[in-house]
Amino acid sequence: MKNQYRVNEQIRVREVRVVSEDGAEVMPTRKALDLARQQGVDLVEISPNAQPPVCRLIDYSKFLYQQKKRQKELKQKQVKQEVKEIRFGPQTDDHDYQFKLKHAKEFLEEGNKVRAYVFFKGRSILFKEQGEVLLLRFAADLEDFGKVEQLPRLEGKKMFLFIAPKKAGVAKQSQQKRDKLAAEAARKQADKEMQQEEAPRDGGLFANAINGADALKKLTEE
């Protein structure tokens, strides 16, 4: 950074614009250098491409410190957002579900997006509606941490759900959004009830689907 700015005698233009708390004044460079010496500071060129170049009367070491501090603050404010993936299998049990839910909460709290998906292998694609309810349950369980950017959508053998982190201080998910998720789950649950006699009750994905619908129904009762 020391070589980024021209200082004192390195400034060889005829005139400069000197800025201060009192305003700005265009003057010969020699006069600006004399002012700097009188005040015991440096003449620092801060905008070389301006016409005329803009300079400040300031101690150069103090100026560099201020610039480094400003850059550090800007870097801290820049949040690097990543997309974290959470994968569910066709027979996700509750223990595995809770484990992945915990990780998703951590990802969202860190400011990252979450892309959750159910992977259907072979004939498990027949249970794609159960996978959709599972993802809706997942969204409901994360309502305090993130907001749904895209409802469950099937792409090939994967069904995706996208959740973005909530900003600090943002209120909980709106009632309209909660009602929408609940309605989606209720519709899927109605389909499930028609298929219960045929679908296997193995405590895996089917159980999660039922739990998902129940969890989303409770949202509207709160």
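A residue is called buried under 20% relative accessible area, exposed over 50%, and partly exposed in between (1.4 Å probe, protein chains only). The model is predicted: local features need pLDDT of at least 70, side-chain atom pairs count only at pLDDT 80 or more, and totals for chains, interfaces and linings use all residues. Residues are numbered from 1 along each chain as its sequence is written, and side-chain values use heavy atoms, with hydrogens and water left out.

**Exercise 1. The chain as a whole**

Solution. Helices (H or I, at least four residues) and strands (E, at least two) are DSSP runs, numbered from the N terminus. As for burial, 38% of the 222 residues of the chain count as buried.

**Exercise 2. Ser 20**

Decide whether Ser 20 is buried, exposed or partly exposed.

Solution. Ser 20 belongs to strand E1, which covers residues 15-20. Its relative accessible area is 48%, so Ser 20 is partly exposed. As a further step, compare sequence with space: Ser 20 and Cys 55 are 35 residues apart in sequence, while their C-alpha atoms are 9.1 Å apart.

**Exercise 3. The buried face of helix H1**

Identify the buried residues of helix H1 and state where they lie around its axis.

Solution. In helix H1 (residues 29-39), the buried residues are Thr 29, Ala 32, Leu 33 and Ala 36. Seen down the axis, these residues fall within an arc of 100 degrees, so they line one face of H1. The arc is taken from the directions from the helix axis to the C-beta atoms. An α-helix has 3.6 residues a turn, so residues three or four places apart point the same way. The next step is to find the partners: the buried residues of H1 pack against E1, strand E2 (23-28), strand E3 (42-47) and strand E4 (54-58). Contact here means heavy atoms within 4.5 Å. Just after H1, Gly 40 has a positive phi of about 70 degrees.

**Exercise 4. Aromatic pairs**

Find how many aromatic pairs the whole structure holds, and classify the pair of Tyr 60 and Phe 63.

Solution. Rings of Phe, Tyr and Trp (its six-membered ring) pair if their centres lie within 6.5 Å; planes under 30 degrees apart count as stacked, over 60 as edge-to-face and the rest as tilted. Tyr 60 and Phe 63 form one that is stacked, at 6.4 Å centre to centre with 15 degrees between the planes. Both lie in helix H2 (residues 60-77), three residues apart, and are thus separated by about one helical turn. Tyr 60 counts as buried at 14% relative accessibility, and Phe 63 counts as buried at 3%.

Another pair, Tyr 97 and Phe 138, is edge-to-face, with 6.0 Å between centres and 75 degrees between planes. This pair links distant parts of the chain, since Tyr 97 is in helix H3 (residues 94-109) and Phe 138 is in helix H4 (residues 128-141), 41 residues apart. Tyr 97 is buried at 0% relative accessibility, and Phe 138 is buried at 0%.

**Exercise 5. Charges over rings**

State which charged residue sits over the ring of Tyr 97.

Solution. A charge sits over a ring if NZ of Lys or CZ of Arg is within 6 Å of the ring centre and within 35 degrees of the ring normal. The charged end of Arg 137 is placed over the ring of Tyr 97, 3.8 Å from its centre. Lys 158 lies over the face of Tyr 117, at 4.9 Å from the ring centre.
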